[in-house]
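Please examine the sheet in the model shown below. The questions that follow concern strand order, pairing and side-chain direction.

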Amino acid sequence: MENTRRSFLKKMTVAGIGTAGLAVANHAVAANLSETQAKKKPAGKDDGKLRFGFIGTGSRCQEHINNVLAIEGNKIVAICDIQQGPLDSTLKHIAKFNVAAPKVYTGSERAFEQMLNNEEFDCVIIASPWEWHVPMSVAAMKAGVPYVGVEVSAANTLEECWDLVNVSEATGSHLNIMENVCYRRDVMAALNMTRQGLFGELIHARCGYEHDLRNIKFNDGKNYSYIPGGELKMGKEAFAEAQWRTNHSITRNGDLYPTHGAGPVANCLDINRGNRFLSLSAMATQSRGLNKFVVDNGGENHPLAKLRFNCGDIVTSMIKCANGQTVIVTHDTNSPRPYSLGFRIQGTDGLWMNDGDHVYIEGKSAKPHYWDDSEEWFKKYDHKLWSSLEAKAKEAGHGGMDYIMMYDFIDAIRNKKPAPMDCYDAAAWSAISGLSEMSVARGGAVVDFPDFTRGQWIHRKPAFAL
């Protein structure tokens, strides 16, 4: 047949479409490619089930598998990983569902390319280390996969952000950033309140990722989290995220993980859909937390105590929006502290603050100048995705938001709709990393935020969770 994956790849090569070489995408061509892919890869070919593939088979992959198989009408065709341990664990996990075992691809860092060339998918989900997110996403889109889900953050640099946008536009493949916090129940209720005008005109927002990850960035090479008194390892000798995540704190200084906070705030502010991020300024504190953790648990003479960690313990970014609002994004993962995403959605008539679970609406709160408990407000403005799926989501990961996210994504795939959180969202939210690094290196200088939509933001309409 002419419309095979290999013929598609050949056409892409002849056309000279490179990963970062597309300065301007031809939207008519992208639309034609999208139509071709829809004909070539009908959702649920043969048995009516959507065909899923997974690249990266760690714990996050298994959480996604739980929800893919919990939703009727899906099957897992193939999985890929370079490490045998996670592969074996994932195969055992899938076997619990009494479904056919997927094909396994392994043996080299580029085994995912073989999987993409050999198999037919409706969706491929990427849950690999950060540095592989863009190469794998680009490969999947170029291979003709209609829907690609990439874990957060989607990209680490501005060039990578443009890669995601350019290739998605050129191929017609829908890229979806798997930002589960956008589906958190309180976040969706706050979005509902925003859209119904409870807060008035939005003027300011705060968010971030404030999560003590020191015992994730180091472990004994066997357990996911560090156990006090055990060995301290990172890099190749460690296990799970400590193999790769800690190294980013050595080589980089900026907001390394912005999308958990930025995604929900961007939805409230209609970013890429009538509004956009204009500029950013960031500053970082000194780096102390990771070295202190090593010394406290391994002593001053521990080999890791000699490492120079570059990333500031607290990185603060301020963003200016086209419609006038300001946003403060905080990254804090190397300090002893309780977990918080620090949400604050503030408008001319009131605000929601995540820390303390506070809501205040002028003229509607119980007492002037006193906080209401957010619970009563959120019960009233509960998003219909939650009210309709609560029972099914209850047992899912991260308080149920993983299930709601996967349900929404699968609904888009099955009905051939745009991705709920598309390539422009993935780029804009993830770009905070690269821009914050640039600004920190320049002493907090203001840096311009790219318009990844190339002007489309002016006319695009809000679409998420409507």
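**The parallel sheet**

Six strands form an open sheet with parallel pairing, in the order 3-2-1-4-5-6. This is a predicted model, in which local features need pLDDT of at least 70, side-chain atom pairs count only at pLDDT 80 or more, and totals for chains, interfaces and linings use all residues. Residues are numbered from 1 along each chain as its sequence is written, and side-chain values use heavy atoms, with hydrogens and water left out.

Q: Which are the edge strands of the sheet?
A: Strands are DSSP runs of E with at least two residues, numbered from the N terminus. Two of them pair if DSSP finds at least two bridges between them. Pairing on one side only marks the edge strands, strand 3 (103–105) and strand 6 (174–177).

Q: In strand 5, what is the bridge partner of cysteine 123?
A: Strand 4 also runs parallel to strand 5 (residues 147–150), with four bridges joining them. The partner of cysteine 123 there is tyrosine 147.

Q: Are Cys123, Val124, Ile125 and Ile126 buried or exposed?
A: Cys123 and Ile125 point one way from strand 4, while Val124 and Ile126 point the other way. With buried meaning under 20% relative accessible area (1.4 Å probe, protein chains only) and exposed over 50%, all are buried.
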